[in-house]
Amino acid sequence: MTEVKYLIIGGGVAGTMAADTIRKKDSEGSITIISDEPYRFYSKIMLSKPAFFLGKIPFETIWLRKEEWYPENKISLLLGKKAVSLDPVGKIVALDDGASFKYEKLLLATGSSVIKWPVVGADKNGICYLRTLDDVKKIMQLVKTAKRAATIGGGFISFEMADLLRLSGKDVTLIIRENYFWEPILDEESGRLVEKVLKDAGVEILYKSEAKEILGGDSVESILLNDGRKVEAEMVVCGIGVRSENEWLAGSGLKINKGILANEYLETNLPDVWAAGDVAEYYDPILGETVKLGNWIHSQEQGKRAGFNMAGEKEPFKFVSFYASQGLGANIAFIGNIAPLPGRSVITRKYDNGKAIIRFIQSGNKIVGATLINKTEDLKTIANMIENNIDVSDRLEELSDVNFNLSGFNSENINA
Amino acid sequence: MANQQEYQRSRPDSKIAKIVVDRDLCISAASCIGVAPEAFELDAESKAILKNTADSVDDETLMMAAQSCPTKAILLFDNDGKQIYP
């Protein structure tokens, strides 16, 4: 049994930022990070970006901390190990290799994993996912020989992969269950706007389509769809969603929904146990609701806050998170909570006959989220509007009027 | 190396004399804006640019913003022109 003051499960952005922050506040307390990946902290964002994927920048750019950073900061990093049980009374975490750690303070920053494609034949060579560095190494290998590629699911993964695969010279078919790209997160007009850039780049989109079976020998040769059509492809990138793996925590008494439940201080219901990043389902004091948001910057900021709180500087996590991406000449950003839940309404703001579209998600009298197509320069202004809790109930016309400057909402708030 | 925006800092207590955004590397993940909204914003091409209020941001925050960039598109230089990040 190893005793450690701060034990962090997860070596991604949330876990690493927490360790970094703790070390700044507590120069001596022992810190151990357990990661189930074989690699130190790297950029998951970079995995699906052209500069890295196409080899235009050195592979080493992927590392976000030098190897020496860990010993220099007296942070012990254990790679390739999975936590298998948590005993909150004895304060012990056991690992899959039989080792166990007794902690004073524990952070659960285990992230999320891809949902595996539940289709017959999805275990064939050539079926891949995009989440980890190993996933991308596999995709980069397949790209060398494949001529035709398919991407499954309408979201960031498909959007970014379709771009990369076209840049790599593949024929690309994008297969979605929905009527348009990114339904129901986007409205049809915004979805079609994204589709247009995909189609202009030569991507074929099949709508309302679901795979019935993957055909081929050891390797995929084609995808048989429910309606009998066949899509030929030597590689398939599946982006049908992620989930947090919390099964190992069953029986620990930890409260879990889709994620690990936490309050605004990122504290779980168990003493001295915090959660941060993709895995945390926490009370967001700005949105006024319990949410599970998965994106890089959100995890980064949450990891920092959890680190401060674990080191004794307790404050609520208050941050309007966002994720932005670009490709094929379009840019897309999602801010705050964009889930199209019942009771929410949407205010649309259209520029240049719909070449750029902002959609504000309204809950009660305020904005809780927004989707931006080709208008990411307004990202921070809108994040501030959400953070400032601006009452928009009788100002919906201003929101949709492109002649009204959005920053006006925030400056008025400061004066108020 | 052409597609870069340079910003000369003029803050006496700062060890960071120059900030550079490599626009080819920037992928508008916008993490810098989350960390240092007084220093960075996105332009109409969705690339990070330096704001004229960047001098108000202290060195530690700037370093955190640069470190937060998932593509290492923010480069920091000291008074002798030596690159200090990444």
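Guide: Two strands pair if DSSP finds at least two bridges between them. Strands themselves are DSSP runs (E, at least two residues), helices are runs of H or I with at least four residues, and both are numbered from the N terminus. We're looking at a predicted model, where local features need pLDDT of at least 70 and side-chain atom pairs count only at pLDDT 80 or more, while totals for chains, interfaces and linings use all residues. Residues are numbered from 1 along each chain as its sequence is written, and chains are lettered from A and ligands numbered from 1 in the order in which they are written.

Visitor: OK, let's start in chain B. Which residue of β5(B) does I19(B) stand opposite?

Guide: β2(B) and β5(B) run antiparallel and are joined by four bridges. Across that pairing, the residue of β5(B) opposite I19(B) is L76(B).

Visitor: Which residues make up the uncovered face of β5(B)?

Guide: In a regular strand, side chains alternate between the two faces of the sheet. Here I74(B) and L76(B) form the covered face. The uncovered face is L75(B) and F77(B).

Visitor: Now the two chains together. Which element of chain B gives the most to the side that touches chain A?

Guide: Contact means that the C-beta atoms of two residues, placed from the backbone, lie within 7 Å. By that rule, 19 residues of chain B are in contact with 18 residues of chain A. Both α1 (31-35) and β3 (40-42) of chain B supply at least two residues of that side. The element giving the most, with three residues, is α1(B).

Visitor: Which helix of chain A do the buried residues of α2(B) pack against?

Guide: A residue is buried if 20 or more other C-beta atoms lie within 10 Å of its own, exposed if 12 or fewer, and partly exposed in between, with C-beta atoms placed from the backbone. In α2(B), residues 59-68, the buried ones include L62(B), M64(B) and A65(B). Besides several elements of chain B, among them β2, β3 and β6, the buried residues pack against α7 of chain A.

Visitor: How far apart do the C-alpha centres of domains 1 and 2 of chain A lie?

Guide: Domain bounds come from an automatic or database domain assignment. It gives domain 1 as 2-47 + 64-112 + 252-310, and domain 2 as 115-238. Four residues of domain 1 are in contact with four of domain 2. The C-alpha centres of the two domains lie apart by 33 Å.

Visitor: Which strands are the edges of the five-strand sheet in chain A?

Guide: This open sheet has the order β21-β22-β25-β24-β23, with antiparallel pairing. An edge strand pairs on one side only, and here the edges are β21 (322-327) and β23 (345-351).

Visitor: Which helix packs on that sheet?

Guide: It touches β21, β22 and β25 (366-373) of chain A, and its direction makes about 15 degrees with that of β22(A). For such angles, axes are lines fitted to C-alpha atoms, for helices over the stretch in contact, and values run from 0 to 180 degrees between N-to-C directions. The helix is α8(A), residues 379-387.
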